[in-house]
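Here is a short briefing for a reader meeting this structure for the first time. Start with the view below, then read the points by topic.

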Amino acid sequence: MASLGFKASGAAQVAVENNVSHMVADQVASKIAAKDATLWGPEAESEASIRLGWVDLFEASRALVPLIAQTRDELAAQGVDRIVLAGMGGSSLAPEVITKTAGVTLHVLDSTDPDMVSSVLSQDLEKTALVVSSKSGSTVETDSQRRVFEKNFKDAGIDPAERIIVVTDPGSPLEASAREAGFRVFVADPTVGGRYSALTAFGLVPSGLAGVDLDTLLNEAEQASSSFGEDSESNVALQLGAALGGTRPLRDKLIFVDEGSGIVGFADWAEQLIAESTGKEGTGLLPVVVNATDPESLQPQADFLEIRLVANVDDHEAANEAAAAVEVSGSLGAQLVLWEYATVIAGYLLDINPFDQPDVESAKIATRGLLDAQPGPEQPLFTDGGIEVRATKGLLPEGAATVTDAVNALLGELSMSGYLAVQAYADRLHMTDLEKIRPELARISRRPVTFGWGPRFLHSTGQFHKGGPAVGVFLQITADSDADMEIPGLPFTFSTLINAQATGDASVLAELGQPVLRLYLKDRTGAVAQLIAAISAAQAARGEQASS
């Protein structure tokens, strides 16, 4: 793969020219490399002082490699070659990118959807090992997944201690319980936040067990990062950070398009890193992951910054040199560290703390309240075919009776500086047709549309939804299930959990005054087709309104 490369054009190049020289003078890069916690201001100092371990973690990470290889060999000797990862957000997104790019198989279980849990659980259990990955050690999703796998191992006559590997921070409740149970335990660096943890135990353990060459990955990262701490105008990290956070007025919708980078799913990892790091205090950067033929990449707007991931910037010809755009190329290891540096540099320019996530806990609190109370389901405003419709108060006009009516009402709330977030609390392995609605909604609205699978997006763009600019409108999709299952030792099922997570998040958004349209699919197959048709009808209706 080509060496690290960067190009900027239009407003992005102006941002580089306006910001890099003064950041060089202020020694921003060398202060990051020296773990100077004062860089983001006094209010951020306490958090930053315990969150900068990612800048020089290579020696500690290399020490993990032989331990991971030993564990992989021990599992292989038992005939175990199927690795399942139970993790959310920073614990799952990086391993997914690393393994897909390397062409090895890792089964990522980052959902509480009962159909998805059942599907992953039911395959080749005798050949399966489970990596339970949680920084806090108390993540409800991973705890629930661990419980059901542990029970199924026991029921199959398999000792869970031989099949469950735990990755967590030292001193977490999960570390204590895992050691007591006899599980293999890898402790991560507690000075690295979850979304910056790609090259710590959280990224390396599941990836290495699945068969990734970790030495090459770490070599790529360390070689590239040696230049990121230099106070130089040629520092690519300073240039990228300036382009992300330094446009004025701020181009806060980052339209990510992969144009042959060779890195599979990189934008999904970058989405969490950037949105959760910057989306707070009413500002932030919203990554929007699209294909090259999607509306956002074809119709640039004043608040768009195009991010093109390419194989080699020197061989790539930009479609429009005047567009506000950046192009980035390089190996996976190099880009993981580059984007971490660039994100905290963007945070510096935005005058925010890139290490906290003050609004993530709100949805968790609401979920816990619903799980404790377990209220009955809220009555729908109406039912159209196989879809029940609910919405925040006042969103739907009097007389609304179809899903098309409801979608049009939601789109009517979308401002010219806003975005639409689709939140699908469903089985992302088998309900992929839902993703078709993202580009359709972008064509209708002529605004950026994000698509997140719930509940994993709560550990990613969920922070931006609540802490960033209050210009979002939200389409939440939940689905009925015939495959519900108990969670051993807990007083609720997976269906109860995922519905509580969806309802809790919607209630927090509603309290913030954000419009939320909630669609419950009573039939996972027929209702998806109905929803796609309803959105197509909304498109036709808006087109007729525009021409009249």
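Two residues are in contact when they have heavy atoms within 4.5 Å of each other. By that count, 78% of the contacts between residues at least 6 apart in sequence join residues at least 24 apart. The model is predicted.

**Overall build**
- The protein contains 20 helices and 16 strands.
- Its radius of gyration is 23 Å, close to the 24 Å that the globule rule gives for 548 residues, so the protein is as compact as a globular protein of that length.
- The C-alpha trace spans about 65 × 65 × 45 Å along the principal axes.

**Surface and charge**
- Buried residues make up 60% of the 548 in the protein.
- The accessible surface is about 20,200 Å². Carbon and sulfur atoms account for 48% of that surface.
- The protein has 39 positive and 74 negative charges.

**Nonpolar cores**
- The largest nonpolar core has 94 residues. Ile32, Trp54, Leu244, Phe266, Trp269 and Trp339 touch the most other members.
- Helix α14 (residues 332–350) gives this core its largest share, 13 residues.
- A second, separate core holds 40 residues, including Ala409, Ala426, Val449 and Trp453.

**A closer look at Trp269**
- Which residues does Trp269 touch, not counting residues up to four places away in sequence? Among them are Leu93, Ala94, Val97 and Ala198.
- Trp269 also touches Arg195, Gln335, Leu336, Trp339 and Glu340.

Terms used
Residues numbered from 1 in each chain as written. Predicted model: local features only at pLDDT ≥ 70, side-chain atom pairs only at ≥ 80, totals over all residues. Heavy atoms only, no water. Helix = DSSP H or I, 4+ residues; strand = E, 2+ residues; numbered from the N terminus. Rg over C-alpha atoms; globule rule 2.2 N^0.38 Å. Buried < 20%, exposed > 50% of the residue type's maximum accessible area, 1.4 Å probe, protein only. Areas by Shrake-Rupley, 256 points an atom, 1.4 Å probe, with all protein chains shown as cover. Lys, Arg positive; Asp, Glu negative; His and termini not counted. Charge placed at Lys NZ, Arg CZ, Asp CG, Glu CD. Core = buried A, V, L, I, M, F, W, Y, C linked by side-chain atoms within 4.5 Å.
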